[in-house]
Each structure stands twice: as structure tokens, then as C-alpha cells.
Amino acid sequence: MKEKWKIFSKGLYDENPIFMLCLSLCPALAVTSSVINGLTMGLCVTFVITSNNVVVSLTRKLVNPKVRVPVYITFIATIVTVVELALQAISPELYSALGIYLDLVVVFAIILARAEVFASKNKVFPSFLDGFGMGCGFTLAMLSISVIRELLGSGSILGFKILGSWYNAPLIMILPAGAFILIGYMIGAIKLHNAHKEAKKIEGSEA
Amino acid sequence: MSNEHAINKEYSIFQIAINLIITCLASGLIIGLVYYVTAPIAAEKREISKQESMKALVSDADNFKAVPDKADWFTAEKGGKVIAYVVPGESRGYGGEIKMLVAITPTGEVIDYKILAHNETPGLGDNASKEPFRSQFKGKKEANLTVTKDASDKDDIQAMTGATISSRAVTLAVKNAVHEVTEFAGGK
């Protein structure tokens with residue numbers, strides 16, 4: 001059970017796709033200007049990566065290793081198209097807000113990486129956990145970036161005004177450059193925290 | 001080299017092809033099925049959102065009818081009388097195409113507009129869909145649809161600070177729409 005939890009939880013922090021692996025930064029910059037966009041993107045990616053891992057794991061003995069990459073890409077493209085069609089039917093506004101970045105999910109390095117590294121070599125349930133954990137980590141990162149950006153950039157969260165009219169929002173937080181700077185600071189903070197923890201650990205073992 | 005061959009089992013091209021064919025077939029089948037289910041819902045949603053955005057533009061209209069020989073033109077009717085035309089407008093802004101819907105009275109006065117798609121700078125050009133820029137257009141006629149930077153000029157459209165190109169683009173699109181409607185309504 002502990003092993004299973006580890007498979008799931010490594011995506012949340014230790015191998016967080018955005019903050020630790022620095023993958024998929026492009027959508028992280030582009031769609032996190034509001035919480036609802038960031039959250040939808042995160043959930044879409046979670047769904048795609050989880051179901052792709054399951055499918056890859058199910059078919060791992062059938063797929064010819066020589067053509068595995070095209071086959072995986074076809075899987076991912078199929079799942080993304082299904083998500084797009086569903087989103088178009090459920091919420092056209094969100095669909096148009098995510099725009100091209102939803103299509104780009106097909107070529108997210110993190111999804112293909114999980115299929116290659118994990119799902120193609122493991123049983124279905126661990127693969128499911130791995131994908132789900134990575135997806136949750138991605139969603140968590142998108143959510144935290146977009147909360148800060150929307151709060152600082154528009155003074156609101158999920159469209160509700162939090163800060164009053166006295167707040168003169170800095171434009172840069174809404175622009176992609178602001179997201180880039182913010183992600184840099186967040187990665188820096190996480191690294192600092194890790195170094196701090198590491199130092200404490202060494203201190204503790206020495207004492 | 002020979003070592004590599006020992007690890008990689010030989011596969012015939014036929015096996016590989018079959019693998020890809022099956023994947024693509026299954027993929028096509030799944031997408032087709034999903035599309036079959038979602039397409040009608042999506043079309044319905046689009047129709048509803050179109051109606052709603054027209055309703056938001058011309059709030060006292062009780063019925064919208066497509067104009068027969070003009071694509072995407074609609075008339076807003078109230079008790080069988082045409083009170084407004086809702087027409088698409090388009091122009092090039094700072095970041096590319098701006099697409100909008102413009103509501104205009106048959107006498108050629110602007111009622112309101114709604115920007116459907118744009119690529120303007122967030123925080124500057126995209127204020128075109130917000131107050132106070134938007135309400136300036138209300139009641140304006142074709143002659144007054146020009147952008148000015150002179151704050152004392154109350155008859156024309158005041159440019160948005162830092163977004164003159166976006167202001168001009170939106171104003172031009174509205175102006176063209178007004179022109180077309182005046183011609184269309186006047187010619188009848």
C-alpha cells in the first residue's frame with residue numbers, strides 16, 4: 001500500500017511536472033491568467049494522462065516496440081480529441097478560452113514520458129496511479145500559479161472581486177512574462193525549502 | 001551492431017503495419033462515436049449562446065430572424081416590427097483579427113456591440129469590451145464613429161489609453177457595420 005501511495009504522490013511534489021521537471025511550461029504560462037482556465041486545463045491533462053497510461057499499460061504486450069511512439073501519440077491524440085469534443089458540448093466558452101493549448105496537450109512531453117517510462121512497463125493499476133498522480137501534480141501547479149496570477153493581476157479569484165477598486169493591478173501578472181517570473185520564484189522557493197529540509201536532515205543524523 | 005540485433009527481435013513490415021492500422025482504426029471509431037453523441041449538443045449550445053448574445057445586445061427584442069440574403073445578419077423584432085439589425089463586424093486590431101457582433105437601429109444608430117474573438121493585449125486593448133469605452137458607442141451615427149485623443153471632444157469616440165490601435169480597429173468595424181446597415185435598410 002505504501003508503495004502504491006509513493007507511485008501516486010511522487011507526481012505531487014518530488015517529481016511535479018511543472019515545478020520539478022519543468023515540463024509543459026508553455027501552457028502553464030499561457031492559460032493560467034485566470035483560475036477557471038488553469039483548473040480546466042489541469043483537469044483535462046489529468047484525464048488525458050491517466051487514461052493514456054491505462055490504455056498504454058493495457059496494450060503494452062500488443063504494441064510493437066518499433067512503432068510504439070506513433071501508436072502512443074495516436075492514443076493521446078484520440079483521447080485529447082474526445083476531451084475537446086466533450087468540452088465543446090459542455091462549455092463552449094471554456095473551449096474557446098483554452099483554444100490552441102488544448103490541442104497542444106497531444107505533444108505534452110510529460111504525457112508521452114509517463115507512457116514510455118512507466119505505463120509501458122507496469123501493470124494497469126500502478127500505471128493508473130502514476131498518471132493520476134502526475135495529473136494531480138500538474139493541476140496543483142496550474143492552480144497555484146493561476147490563483148496568484150488572478151489575485152495579483154485582476155484582484156479577483158474565480159471571477160469574484162477580492163481586492164477593492166483601490167487595487168491597481170500590475171499588468172505584467174496577466175501577461176505571459178509575469179507567469180514566467182512567478183514560476184521562477186516558485187521554483188526558487190521550492191528549491192530553497194528542499195535545501196533547508198536536506199540540511200536539517202543531515203544535522204539531525206549527525207547529532 | 002550484431003548485439004543490437006540480438007536484443008531487437010526482427011519484425012516483418014507487415015506486423016508493424018497491422019499494428020498501426022489497428023490503432024488508427026480504433027482511434028477513428030472512438031472519435032466518430034463521441035462526435036456522433038456530442039455534435040448535436042454542441043450545435044445546440046452554439047445556437048443558444050448566439051441567441052443569448054443577441055438578446056444581451058438588444059434587450060427589448062422578442063424575436064430574432066435571419067435576414068434571407070445576408071449571411072449571419074439578423075433582425076431583432078419587437079411585436080413584428082424591426083427595431084434593430086444585428087450584424088457581424090470585423091477588422092484588424094493590434095494582435096490580429098477582431099470579430100464582433102454589432103447591434104444597429106434601422107436608422108443607423110449604434111445600440112451596442114459584443115466582441116466575439118480577439119487577440120488584443122490583456123489589460124489594454126481588451127478593455128474594448130468593457131466600460132467606459134463600450135458605452136461611448138451608444139446612439140452614435142456613422143459620422144461620429146472616429147477615434148479622437150482630444151479629451152474635450154465629446155462627440156467622437158475617446159481612444160483607450162495605451163490602446164489606440166485597438167480603439168481604432170473596434171471603431172472601424174462598428175463604422176463599417178453601420179454603413180452596411182444604413183445602405184441595406186435605406187435601399188429597402
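**Note on the predicted two-chain model**

1. Strands S3(B) and S4(B) pair in the antiparallel sense, over 8 bridges. Strands pair if DSSP finds at least two bridges between them. Helices (H or I, at least four residues) and strands (E, at least two) are DSSP runs, numbered from the N terminus. B:Ser91 has B:Ile98 of S4(B) as its bridge partner. The S3(B)–S4(B) hairpin has 4 residues between the strands, and B:Gly96 there takes a positive phi near 125°.

2. A word on the basis. This is a predicted model, in which local features need pLDDT of at least 70, side-chain atom pairs count only at pLDDT 80 or more, and totals for chains, interfaces and linings use all residues. Residues are numbered from 1 along each chain as its sequence is written, chains are lettered from A and ligands numbered from 1 in the order in which they are written, and side-chain values use heavy atoms, with hydrogens and water left out.

3. Now the whole sheet. Chain B has an open sheet of 5 strands, ordered S1-S2-S3-S4-S5, with antiparallel pairing. Its edges are strand S1 (63-66) and strand S5 (110-117) of chain B, each of which pairs on one side only. From one strand to the next, the twist averages 25°.

4. S1(B) is joined to strand S2 (residues 74-78) of chain B by 4 bridges, and the two run antiparallel. B:Ala66 has B:Phe74 in S2(B) as its bridge partner. B:Phe74 also has a bridge partner in S3(B), namely B:Val86. S2(B) and S3(B) pair in the antiparallel sense over 5 bridges. Their hairpin has 2 residues between the strands, and B:Gly79 takes a positive phi near 60°.

5. S4(B) and S5(B) run antiparallel and are joined by 6 bridges. B:Val102 stands opposite B:Tyr113 of S5(B). These two strands form a hairpin with 5 residues between them. In that turn, B:Gly108 has a positive phi of about 90°.

6. Check how the helix sits on the sheet. Helix H2 (residues 13-57) of chain B lies across S1, S2, strand S3 (81-92), strand S4 (97-104) and S5 of chain B. H2(B) runs at about 145° to S5(B). Axes are lines fitted to C-alpha atoms, for helices over the stretch in contact, and angles run from 0 to 180 degrees between N-to-C directions.

7. From the N terminus on, the order is α-α-α-α-α-α-α-α-β-β-α. The C-alpha atoms of chain A fill a box of roughly 60 × 60 × 25 Å, taken along the principal axes.

8. Over all chains, the count comes to 6 salt bridges (a side-chain nitrogen of Lys or Arg within 4 Å of a carboxyl oxygen of Asp or Glu). One joins A:Glu15 to A:Arg114, with the closest N and O atoms 3.9 Å apart. This pair links distant parts of the chain, 99 residues apart. A:Glu15 is in the loop between helix H1 (2-9) and helix H2 (25-30) of chain A, while A:Arg114 is in helix H7 (residues 109-119) of chain A.

9. Last, the interface. The contact (heavy atoms within 4.5 Å) takes 21 residues from chain B and 22 residues from chain A. About 1800 Å² is buried between the chains, and carbon and sulfur atoms give 75% of that. Buried area is the accessible area (1.4 Å probe) that two parts lose on being put together, summed over both. The count between chain B and chain A is 0 salt bridges.
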